[in-house]
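This briefing concerns a protein chain and its ligand.

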Amino acid sequence: MSVIEDNIREIRENIAEAAMKSGRNPSEILLMAVTKTVDDDRILEAIEAGVDIMGENYIQEAKRKIEKMDVDVKWHMIGHLQSNKAKYAVRFFDMVHSIDRMGLAAELDKRSATAGRVLDILVEVNVSGEESKNGISMDEAPDLIRQISSLDNLSIRGLMTMPPWFDDPENARPYFVALRELRDKIIAENIKGVEMRELSMGMSGDYRVAVEEGATIVRIGTAIFGARVY
Ligand SMILES: *Cc1c(COP(=O)(O)O)cnc(C)c1O
């Protein structure tokens with residue numbers, strides 16, 4: 001068994017354990033392999049080993065990889081997206097996790113309409129409020145979601161967040177809890193066309209905690225592929 005296969009198997013086991021601990025069904029949780037800086041052979045290995053989704057941060061890299069690989073797997077955009085790249089996001093991705101402003105949403109809606117499709121999106125929330133982080137604030141998120149819900153060619157599926165980095169993943173727990181509570185609050189609003197099924201949260205260091213707190217998509221790079229070489 002290759003290292004990548006082995007890593008994926010171990011992560012699946014950890015996800016299952018964390019899910020069971022919190023009374024969840026492990027099949028509710030999708031494993032995304034985050035491919036930034038990873039070479040094509042190793043990406044293909046991960047796809048063959050059976051991850052659920054591939055995650056990319058950069059439009060340029062995604063364009064090259066997705067066109068070249070031509071394999072039947074879902075690709076999600078998880079990196080910061082500039083509005084002028086919206087048409088590529090619509091062309092290459094099944095879902096965009098990083099919607100944090102109305103201007104970007106409007107552009108994606110327009111491009112999706114032109115392409116004759118409805119694009120699934122997540123709203124990225126900056127739970128910690130750190131300056132360096134992308135994402136809409138907790139306070140402003142409900143309003144942004146109400147605005148986006150009026151766009152016909154976007155479908156809001158849930159929320160995404162990236163907590164601050166901690167040595168001890170337990171410290172990330174309150175941020176995951178906050179995102180789940182925000183989701184529940186938005187569900188309670190019953191906004192037409194807004195489905196809040198997905199919580200995209202948890203990375204290599206903290207995915208177990210994220211699953212315990214309700215993650216439905218975990219985004220894993222290092223724990224699958226090893227440390228990134230830039
Ligand atoms: C790089 C990245 C990840 C994966 O991080 P690892 O710690 O390597 O698992 C997850 N989400 C986003 C948004 C990323 O940019």
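Where does the ligand sit? The ligand sits in the largest pocket; a pocket is an open set of points on a 1 Å grid over the protein atoms alone, with protein on both sides within 12 Å along at least five of seven lines, and sitting there requires more than half of the molecule's atoms within 2 Å of its grid points. This is a predicted model, in which local features need pLDDT of at least 70, side-chain atom pairs count only at pLDDT 80 or more, and totals for chains, interfaces and linings use all residues. Residues are numbered from 1 along each chain as its sequence is written, and side-chain values use heavy atoms, without hydrogens and water.

- Polar contacts (N or O atoms within 3.5 Å) include a polar side-chain atom of K36 at 2.6 Å from a ligand oxygen atom.
- A polar side-chain atom of R219 lies 2.9 Å from a ligand nitrogen atom.
- A polar backbone atom of G221 is 2.8 Å from an oxygen atom of the ligand.
- The protein covers 91% of the 380 Å² of accessible area (Shrake-Rupley, 1.4 Å probe) that the ligand has on its own.

**Overall fold**
- The chain has nine helices (DSSP H or I, at least four residues) and eight strands (E, at least two).

How values were computed. A polar contact is a pair of N or O atoms within 3.5 Å; within protein, one must be able to donate a hydrogen and the other to accept it, and residues adjacent in sequence count only if both atoms are side-chain atoms. On a 1 Å grid over the protein atoms alone, a cavity is a set of points where a 1.4 Å probe fits but cannot get out, and a pocket is an open set with protein on both sides within 12 Å along at least five of seven lines; lining residues have an atom within 4 Å of a point.
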